[in-house]
Amino acid sequence: ITGRPKRLLVIVNPVGGRKRANQIYLNKVAPIFRRAAIHTQVVQTEYRGHGRDLVENGDRVTGVDGVVVVGGDGLVNEVVTGLLLRAAQDAGIDPHQPDVTLPPTQIRIGIIPGGSTDATCHGTHGTSDVVTAALHIVMGDNRDVDVAAVHAKGQLQSVATTMVSYGYFGDLLETSERWRKLGPSRYLVSGVLQFLRNRSYEGQLSVLAPAAPLAHPSDSKSCCHQCGVCAKASAKTPASSGEWQQLSGKWSVVTSAVVSCACRLTPHGISPSAHLGDGCTDLILVSGGSRFRILSYLYRTSFTGNALSLNHVKVYRVKEVHFTPKNHGPKSLWNCDGEQLNEPALRIK
C-alpha cells in the first residue's frame, strides 16, 4: 500500500462531546496504529483554540505524514484553520483579505470521531465508526475536500468544514453553550426552545453561482467514493463564476452547507446531494413565519432527507455568499462548525 503514514501527530480533545476521546484513542485507535508500525506523538488540548495553536506555529507538524484529530467538529475546525493559516504564511498570502483564495494545506488530516455529532467524519466516510476511521488513516486513504473561508469586518473569522448557519441553528448553539453540563442532550432541549420561540430574521444575500455547475442540489445521487463530480472539479481549472444574484427576505434558517453534514442526528444530511470537493457550497434558506414551517423542515431533515423539496425551502449551489442583516430589528449569530461567530454580516467563500 503506497502513501501509508509512518509518523503522525495525534491531537486529542479530552473534554469534547461525551468526554470519551481519550478512552476511544487508547482502547480502539492506538492498538491499530501500533500494529501498523506508525510512530505517534500524542498531545491533549488544554483550552479552546489549542488545536489551532499546535499546528499553526512551531515545528510539531514538521516531518510528520499527517495530523490525526480525536474529537468533534470543533477540534477539526481548529486544526484545519491552523494548517490553512500556516500554508498562507508560507505562500506570503494575507488570509484576512476576503478576495484572496487561501492555498490548500499539503498536510493530510485524519479524523477519529469523538464529539457530539462528528459530521465531518461521517460526511467523509459515510459512517462515524471509530475503527473504520482508523483503518482509513492506516491505509493512507485520502480525499480532497472543500473548506469555506469566513470573513467579517476585513478579518478572517474562521473556516468552515461542515456548515455555517444563521437563525435557528445559531440560536440553538448560543443556548446550548450555556447548558453544556447537560451533555449532548443540551442540543435537544435547546432545539425545542428555539422551536417555541419561532424566531426569524430579515436580511439580504448576494450569492455567486458557478457559470456551469457540475451538479445540482436536487440531484438524487450523493457524493461517494471515486465521485465523478469531485474528480472533474479537481482535474480542471476552477469553474468560471456566473452572475451575482441578490436575495432578500425573512428567514428562520440561513445555512451554507459545505458538505452534506450527515451525522447520527441527521443521517441524510442538511444537504444530501452536497459534494466533498466540487468547490461549491449549498445555500439553504427556510422562510420564517410559522412554527409549522420550521417543524416540517427539521422533521424532514432528521428523518426523511427530503427537506429541500418543501415549498418554503430554497437551495442554491454557489461559490460565494455575502449576508447583510437588516439594520433595525433582532439579529442572530452564526454557528460555524459548532462554534459561535457573533458578527452577523459575513462573507463565505
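Predicted model: local features only at pLDDT ≥ 70, side-chain atom pairs only at ≥ 80, totals over all residues.
Local features need pLDDT of at least 70 and side-chain atom pairs count only at pLDDT 80 or more, while totals for chains, interfaces and linings use all residues, and side-chain values use heavy atoms, with hydrogens and water left out.

**Stop 1: strand β1**

Select Leu 8, which lies in strand β1 (residues 7–12); strands are DSSP runs of E with at least two residues, helices are runs of H or I with at least four, and both are numbered from the N terminus. Is Leu 8 buried or exposed? Its relative accessibility is 4%, so it counts as buried (under 20% relative accessible area; exposed is over 50%, partly exposed in between, with a 1.4 Å probe and protein chains only). Now show its contacts, meaning heavy atoms within 4.5 Å: beyond the neighbours within four places in sequence, they include Phe 33, Ile 38, Val 68 and Ile 137.

**Stop 2: the rings**

Next, the aromatics. The whole structure holds seven aromatic pairs, where rings of Phe, Tyr and Trp (its six-membered ring) have centres within 6.5 Å, and planes under 30 degrees apart are stacked, over 60 edge-to-face and the rest tilted. Select Tyr 25 and Phe 33: the centres are 6.3 Å apart and the planes at 65°, so this pair is edge-to-face. Both Tyr 25 and Phe 33 are buried. Then hop to Tyr 166 and Phe 323, a tilted pair at 4.8 Å centre to centre and 50° between the planes. Tyr 166 sits in strand β7 (residues 163–167) and Phe 323 in strand β12 (residues 320–325), 157 residues apart.

**Stop 3: the cores**

Keep Trp 334 selected. It is among the residues with the most contacts inside the largest nonpolar core, which has 48 residues (a core is a set of buried Ala, Val, Leu, Ile, Met, Phe, Trp, Tyr and Cys joined through side-chain atoms within 4.5 Å). Strand β9 (residues 241–257) gives the most to this core, five residues. A second, separate core of 43 residues includes Ala 21, Val 43, Val 68 and Val 130.

**Stop 4: α6 and the largest cavity**

Colour α6 by burial: nine of its eleven residues are buried, so the helix is largely enclosed by the rest of the structure. Tyr 168 and Asp 171 are among those nine. Which residues line the largest cavity? Tyr 168, Asp 171, Gln 194, Phe 195, Arg 197, Asn 198, Arg 199, Ser 252 and Ile 294 do. A cavity here is a set of points on a 1 Å grid over the protein atoms alone where a 1.4 Å probe fits but cannot get out, and lining residues have an atom within 4 Å of a point. The space is about 70 Å³, as filled by probe spheres set on points joined across faces, edges and corners. Helix α7 gives the most to this lining, three residues.

Technical notes:
Residues numbered from 1 in each chain as written. 1 Å grid on protein atoms, 1.4 Å probe; cavity = no way out; pocket = protein on both sides within 12 Å on 5 of 7 lines; lining within 4 Å.
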